[in-house]
Amino acid sequence: MLSLNQKVGLDRPVLNSLFINFYFPKMSEFNPALPSVIKWSVGQNKYDEDGSNPKSLTLFIPKESIAAFAAHMAAMAIDPEKVKSGKIWDYTANEEVEVAGIYLNAKGKTGQFGDFGNLNPVSLIDTPTHQPATSTAPVAVPKGDSLPF
């Protein structure tokens, strides 16, 4: 049986480097969809009185990221490669139903107060997210032929 480096002509360090560069782009190449990351945490549900929902998921979305997050969600919703099939609970029918939607994935870990992490999606467009938004306010144009500068 041939080894991997005999099959493709590459040794293990080169293969590892190719794998890491393909699946994990350099941070300089990472274009985030949001100006600031969203923090998520899972903790005890303080409103669970009967024990049926002992956990609670909390998202903290920085104010500066709300519009970018909404735009990112809308962009994902119209991208056929991002829309997947998933099951949700239909309370009116009292059953699980299959619908089209998107999945948001985030990295996390377990800490002293429960599970937590950050959500920092990759931008679906090739524009930097740290640019100030273009103004939609009307521009005052002075009357006459002279310019104010």
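Where is the place of N94? N94 sits in the loop between β3 and β4. This report starts from the overall layout and returns to that loop below.

The structure is a predicted model, in which local features need pLDDT of at least 70, side-chain atom pairs count only at pLDDT 80 or more, and totals for chains, interfaces and linings use all residues. Residues are numbered from 1 along each chain as its sequence is written, and side-chain values use heavy atoms, with hydrogens and water left out.

**Overall layout**

The protein chain contains 3 helices and 6 strands; helices (H or I, at least four residues) and strands (E, at least two) are DSSP runs numbered from the N terminus. Along the sequence these elements follow the pattern α-α-β-β-α-β-β-β-β. Of the 149 residues in the protein chain, 14% are buried, where buried means under 20% relative accessible area, exposed means over 50%, and partly exposed lies in between (1.4 Å probe, protein chains only). Among contacts (heavy atoms within 4.5 Å) between residues at least 6 apart in sequence, 50% join residues at least 24 apart.

**The four-stranded sheet**

An open sheet of 4 strands has the order β2-β1-β6-β5, with antiparallel pairing. The edge positions are taken by β2 (55-60) and β5 (107-111), each with a single partner strand, so one side of each has no neighbour in the sheet. From one strand to the next, the twist averages 20°, with axes taken as lines fitted to C-alpha atoms, for helices over the stretch in contact, and angles running from 0 to 180 degrees between N-to-C directions. Two strands count as paired if DSSP finds at least two bridges between them.

| Strand pair | Bridges | Facing residues |
|---|---|---|
| β1 (residues 38-44) and β2 | 6 bridges | W40 and L59 |
| β3 (residues 84-90) and β4 (residues 95-101) | 7 bridges | S85 and A100 |
| β5 and β6 | 5 bridges | T110 and D115 |

A hairpin of 2 residues joins β5 to β6. Of the 5 residues of β5, the number buried is 0, so this strand lies largely in the open. In β6 (residues 114-119), by contrast, there is G117, which is buried at a relative accessible area of 9%. Leaving aside residues up to four places away in sequence, G117 touches I38, K39, W40, K107 and G108. The C-alpha atoms of G117 and K107 are 5.8 Å apart, although 10 residues separate the two along the chain.

**Helix α3**

Helix α3 (residues 66-77) has 12 residues, which at 1.5 Å a residue should span 16 Å; the end C-alpha atoms are 17 Å apart, in agreement. The expected span is 1.5 Å times one less than the number of residues. F69, H72 and M76 are the buried residues of α3. Viewed down the helix axis, they fall within an arc of 60°, so they line one face of α3; the arc is that of the directions from the helix axis to the C-beta atoms. An α-helix has 3.6 residues a turn, so residues three or four places apart point the same way. The cover over the buried residues of α3 includes β1 and β6.

**Two loops**

N45 is found in the loop between β1 and β2. Its side chain reaches the backbone nitrogen of Y47 at 2.9 Å, and a polar atom of the N45 side chain lies 2.9 Å from the backbone oxygen of N53. Such polar contacts are pairs of N or O atoms within 3.5 Å; within protein, one must be able to donate a hydrogen and the other to accept it, and residues adjacent in sequence count only if both atoms are side-chain atoms. Not counting residues up to four places away in sequence, N45 touches N53, P54, K55 and S56.

The other loop is the one that holds N94. Here β3 and β4 form a hairpin with 4 residues between them. N94 has a phi near 55°, a positive value in a residue other than glycine. Most residues other than glycine have a negative phi. With a relative accessibility of 56%, N94 counts as exposed.
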